[in-house]
Amino acid sequence: MKSEHIQETFGNIDIYLFDQLIKGTYDGCKSVLDAGCGTGRNLLYFLKSGAQVYGVDQNPEAIAQLKNLASAFPHINPEENFRIGPIEQLPFENESFDLVVSSAVLHFAENQEHFEAMLSAMWRVLKPGGYFFCRLASEIGIESLVRFIGNGRYILPDGSERFLVNQEMLVRFTNKLGGKLHEPIKTTNVQNMRAMTTWCVRK
Ligand SMILES: C[S@@+](CC[C@H](N)C(=O)[O-])C[C@H]1O[C@@H](n2cnc3c(N)ncnc32)[C@H](O)[C@@H]1O
């Protein structure tokens, strides 16, 4: 198989989201929300698969690009499905989605309260039995390389400032939400730069 064919089908999808697709975890998911979707690199496959796909992002240019991408799919109403706004105030009914994706977003939380507000908004719109896929920066395995500066935020080895979680926090949040880990928490250490953790929870 040529790499162009994989690109055509999946776009520049997050590799750990791809992992769940290969495992078939989301086979039954007909409604998908990407919270903090950016330009929608993680949504191409779901658009192609015929799912009802929704996205929210605070960046108007990103949403405009995503609307343009999605306009090629007749089953999607881009104006309805792609919204500009904050994740902490998602404009959707409770228990609307089979899958909520949060890819490289939660580490932009300003503090613990902001983190929890975004998390509980995403959990609120997830159906019982639905899946929460989250990829976020953490301090797992790089504890000695990061510097805590307060409010849950750290300076990373690459000089960037992020809200970081650790394993204990993710297990605690999973329990607090009443969810279940359906995969062990997995972390990729990006050489001398950051650690990116994948947190997969079922409601
Ligand atoms: C690093 S990008 C990731 C985009 C996409 N999820 C991906 O994996 O390619 C982070 C995105 O989160 C959005 N974002 C961060 N905090 C947000 C918030 N509180 N509400 C809405 N969007 C937010 C940013 O505008 C940006 O598009």
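The model is a predicted one, in which local features need pLDDT of at least 70 and side-chain atom pairs count only at pLDDT 80 or more, while totals for chains, interfaces and linings use all residues. Residues are numbered from 1 along each chain as its sequence is written, and side-chain values use heavy atoms, with hydrogens and water left out.

Strand 11 covers residues 194-202, and seven of its nine residues are buried, so the strand is largely enclosed by the rest of the structure; buried here means under 20% relative accessible area, exposed over 50% and partly exposed in between, with a 1.4 Å probe and protein chains only. Strands (E, at least two residues) and helices (H or I, at least four) are DSSP runs numbered from the N terminus, and two strands pair if DSSP finds at least two bridges between them. Strand 10 (residues 186-190) runs antiparallel to strand 11 and is joined to it by five bridges; in the hairpin that these two strands form, with three residues between them, N192 takes a positive phi near 55 degrees. Strand 5 (residues 126-138) is also antiparallel to strand 11, with eight bridges joining the two, and W199 is the bridge partner of C134. Strand 9 (residues 180-181), again antiparallel, is joined to strand 11 by two bridges, and K180 stands opposite R202.

Elsewhere, H75 lies in the loop between helix 4 (60-70) and helix 5 (78-81), and at 30% relative accessibility it counts as partly exposed. Leaving aside neighbours within four places in sequence, H75 is in contact with L47, G50, A51 and Q52; from A51 it is 24 residues apart in sequence and 8.5 Å apart in space, C-alpha to C-alpha.

Technical notes:
Contact means heavy atoms within 4.5 Å.
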